[in-house]
Amino acid sequence: MVAMQSWPAVLDLHEGTEERPGLRRPQVGAVHALLGYWTTDPKVPATIVMPTGTGKTDSMVAALVAARISKLLVVVPSDALRDQIAERFESLGVLRATGLVGPEQKNPVVARLRGALTDLADVDRLLASSDVVVTTPPALDSSEAGLKQQLLDGFSHLFIDEAHHVGAPTWRAIRDAFLPKPVVQFTATPHRADGQHLGGSMVYVFPLREAQREGYFSTIGYLPVLDLLAPDEAVAMAAAGQLRADLASGSDHILMARAKTIARAEAITEIYQAIAPEFAPVVVHNRTKREQRQNAIGALHDRTSRILVCVDMFGEGFDLPQLKIAAMHDQHRSLGITLQFIGRFARGGVTGLGSATVIAAQTDYRHIDVLRQLYAEDADWNSIVEDLSRAAVDEQVELDEFVKAFNHDPDPVSIHSVTPAMSTVVYRSPVLVWSPTKLNEIYDEAKLLTFPIPVSERDHVTWFVTQSRAAVRWGTIDGADGIEHHLYIAYWDPGRGLLYINSSNNDGVHEDMAIALVGPEASLIHGERIYRVFHGVDRLTPTNVGLLDTRSRARRYTSYTGADVTDGFPTAEKQTKAQTHIAGSGFVGGVPHSIAGSRKGRVWSHRTAPGIKEWTAWCDAIGTKLLDDTISVETLIAGFIKPQPIDRWPDLTVLAVESTLALEEALANAVLSRDGIDVPWSSVELDVVPHRPDESIKLTLRTDEWDAEFLLLLPASGLSCVAVDVDVTVKRERSDTTFGKLATARGLLVNFEGDAIVEPPGILLRPDRALLPYVLDHQSVLDWRDVNIRKESWGKERDLLTVQGRMIQVTEEGDWDLIIDDDGPGEIADIVALREVDGSLVVNLIHCKYSHKDSPGARIEDLYEVCGQSMKSARWRRDPEGMLRRLLLRERDRLKNSRPSGFVRGSVAELNELINRAHQLQPRYNISVAQPGLSARRASAQQLELLASVEVYVSEIAAAGFAVRCSA
């Protein structure tokens, strides 16, 4: 308080020059923007975005003095940053160094809160003895709740550093407890991995391109490393080589190697000690003892060591400008953390330093889409980092503009905390204007938690939360009423003449709201028209159906779900019944999709919107279907696949067994072990010999090293997988299990002839439709002269006179960028052909099968297995990037085991580049069957029926084309 009284009434905020020292341009802009924002007496936190190196901390100090803040709390993410920022406030940082404050102006008294406050006297002493308190969320949270709130009440302003953390519950709780007093959120990037908004108003953003132009953010070089067998050694060699080159050019540089775990850090340190002992590599992580950590940091400062291996220990609060080489042995998974990490290496303004360099392995592909641009072969990090930073800011600014369009953000509920269900009722609204203020005639202030009601006239959206008292359901006790809260959102689309209303209260269709908003002519869209939302969904399968009996009062309404859901579709003998609602799932463009509709007028999905803006976009898609009079509801309902519960296998030929999505996720990074021999899941085949099952289906886990036999059983308790002999061990990061247990728990899918599937726990899905026979024309016929049609694989010898060899010859005649022989256990297909055309990833999966006889004929057994393989491969349409990654992993495994490369055309580097671009490309799949034992002229009706069912299946599941190559 005494220090503040000595500060100038008006701080001279000017940009420094050589003749006249002052602040940096972004610092001047940030403080002016903040002071201007505060003149509006806002209740919403201010967010300031300043790239690393532009002087964010000194901007905080300048804001403290310029606004003459009497009592400031600063929250930071780490102990190191707490001490670093406290020291800057204690000295008034750049203000004192540049003379913007003179000797007569006093430094603030700064306290560091490191642990719990024990009583109210502690709180009073801390507040009375300091002008600024710097702390971390854990330190603040360690105090009892009442004392913590008492402390927060004692401050006039709150600054949050590294504010991308605000999405975390502990951070958000501190900020929200401080509101509506002034809060400022400082960050280098507002982007969060979980997509959450920071919940503040963007008052100032300094572009990264300007930071680079001004020299606050240095240029960045990028050195990609591609090595399938030893990526860590390759990255270390490249990074050490860069360090030697930088030192030879006179740059005082230090190398940091980033690892994701302590075990990884220790192993990587050994690599650097072996290849660069002259730089005395040191390792630091959260288990490093204090003395060892201090010694390591000391060695870096005096340059007896120039290589640091760490596990994100020095992301925030560690300021060593000589860190200029980043060896990314393990890449970060979020844009925000990546940009922040890079910023530590790109700090400018220090003499004797050159440009920053990032070295990364190109075989780590699990990061988010936006980061793929960074790790491409020819990536220009200077432009890409700027583009990504701008895109992250623009995304938040767009949402910020949506929020700002509301007349206010009500207290105590913020729009940023609203995550509505994907649900709506829809009204036609012929009016040209809407009247959101009339909602006050329905809901008075006493019924609202949010008052007055927020309205965005720009986007025609309003929302509010009601509160009401209701008797508890477990008794009639005076004074034991409960409080119910409900969210309401309305979105008016004047272009289509539609009004959408969402509410957590699903008891009605909110006609009173509709009339208030758009007048008495509002007309609810209901009845069978609602089922138009199923349009465009292939292989529609009901998951829940409600049925109303118009005659029987004893059992008027019944809900069907799970194994009984088919009963919700009345037969011809039950015309007195009608569906009240239908929920279904299927595929749209080869991607799983779920949607539901009620005759009363409600449409919903089982998803939750991250915010109101995203909910309005979903509504637009729903409204388009509801207004389309060309959609036939009768046809849609008739086309549903009716699930049939079964407790024995159908009398159909098994074509293939595949893992469910849940099982695939559980096995994604697993290793399967038998007899002490480990095999990655990507090299394991679920193999089944086509047969009509009796009590069980015989399944083989096939690898190049071992086979394991299993039986699939279908008792009343549900589908189970049982080992015939010794079960296979599944080794995962956190726990080991067996394949039988995991497959029983997570589920397997069994494909049968006739387009039939059995899914867990024992549901038969078989479309009720007649298919036209598949047409084998001249394009299907291939010349197999001199080919041994009884031999399938071309093998290590690459024998072209085999079925696969002939198909590779044919494929090479096409304009493909990559042709890969993927034949073997765990294959995607025998041959995978890839090319990039006009923004599309074109994929041809070719499945080859030998003939059971020396001459072509009409044998159905020639088609069973190859058709099953085709159906299994259709799932890759849902994850084309995963398919490409799997091809790369399988190539790595081939090289590790000294097997021939699978590349017939193209290279690992080209596949790697395609992986980097895959997220930008529209997938277009074609699945091909090559069976010279099939005669086009003599094909049987059974064969053509089977091919027709496969064609329809891959079309609906994967939006894929289907082709057959056979004999004449």
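Before I turn to the chain itself, one term is needed: two strands are said to pair if DSSP finds at least two bridges between them. The strands, like the helices, are DSSP runs numbered from the N terminus, where a helix is H or I over at least four residues and a strand is E over at least two.

What we are looking at is a predicted model, in which local features need a pLDDT of at least 70 and side-chain atom pairs count only at pLDDT 80 or more, while totals for chains, interfaces and linings use all residues. Residues are numbered from 1 along each chain as its sequence is written, and side-chain values use heavy atoms, with hydrogens and water left out.

Let me begin with the whole chain. It has 26 helices and 43 strands, and of its 968 residues 55% count as buried, where buried means under 20% relative accessible area, exposed means over 50%, and partly exposed lies in between, with a 1.4 Å probe and protein chains only. As for disulfides, meaning pairs of cysteine sulfur atoms within 2.5 Å, the structure holds zero.

Now to the strands, going along the sequence. Strand β3 (residues 110–113) and strand β4 (residues 132–135) run parallel and are joined by four bridges, with Arg-112 standing opposite Val-134 in β4. Together with helix α6 (residues 120–129), these two strands make a right-handed β-α-β unit; right-handed here means that, with the strands pointing away from the viewer, the path from the first strand over the helix to the second runs clockwise.

Further along there is an antiparallel arrangement. Strand β15 (residues 455–456) is joined by two bridges to strand β16 (residues 461–470), and Ser-456 has Val-461 in β16 as its bridge partner. The two strands form a hairpin with four residues between them, and in that turn His-460 has a positive phi of about 55 degrees. Strand β16 also pairs in the antiparallel sense with strand β17 (residues 482–493), over 10 bridges, and one of the pairs to look for is Gln-467 with its bridge partner His-485 in β17.

Toward the end of the chain, which strands pair with β42? Strand β40 (residues 840–848) pairs with β42 in the parallel sense over nine bridges, and His-847 stands opposite Val-929 in β42. Strand β43 (residues 961–967) is also parallel to β42, over six bridges, and there Ser-935 has Ser-967 as its bridge partner. With helix α26 (residues 941–958), β42 and β43 make a right-handed β-α-β unit. Strand β42 itself (residues 922–935) is mostly covered, since 11 of its 14 residues are buried.

In α9 (residues 169–178), the buried residues are Trp-171, Arg-172, Ile-174, Arg-175 and Phe-178. Seen down the axis of α9, these residues fall within an arc of 160 degrees, so they line one face of the helix, the arc being that of the directions from the helix axis to the C-beta atoms. An α-helix has 3.6 residues a turn, so residues three or four places apart point the same way. The buried residues of α9 pack against β2 (72–75), α7 (137–141), α8 (145–153), β5 (157–160) and β6 (183–187).

I will close with two single residues. Asp-232 sits in helix α11 (residues 231–248) and counts as buried because its relative accessibility is 16%. Leaving aside residues up to four places away in sequence, Asp-232 touches Arg-264, Ile-268, Ile-271 and His-329, and its side chain is joined to that of Arg-264 by a polar contact of 2.6 Å. A polar contact is a pair of N or O atoms within 3.5 Å; within protein, one must be able to donate a hydrogen and the other to accept it, and residues adjacent in sequence count only if both atoms are side-chain atoms.

Ser-851 lies in the loop between β40 and α23 (861–873). Is Ser-851 buried or exposed? Ser-851 is buried, with a relative accessible area of 0%, and its side chain makes a polar contact of 3.0 Å with the side chain of Arg-859.

How values were computed: Contact = heavy atoms within 4.5 Å.
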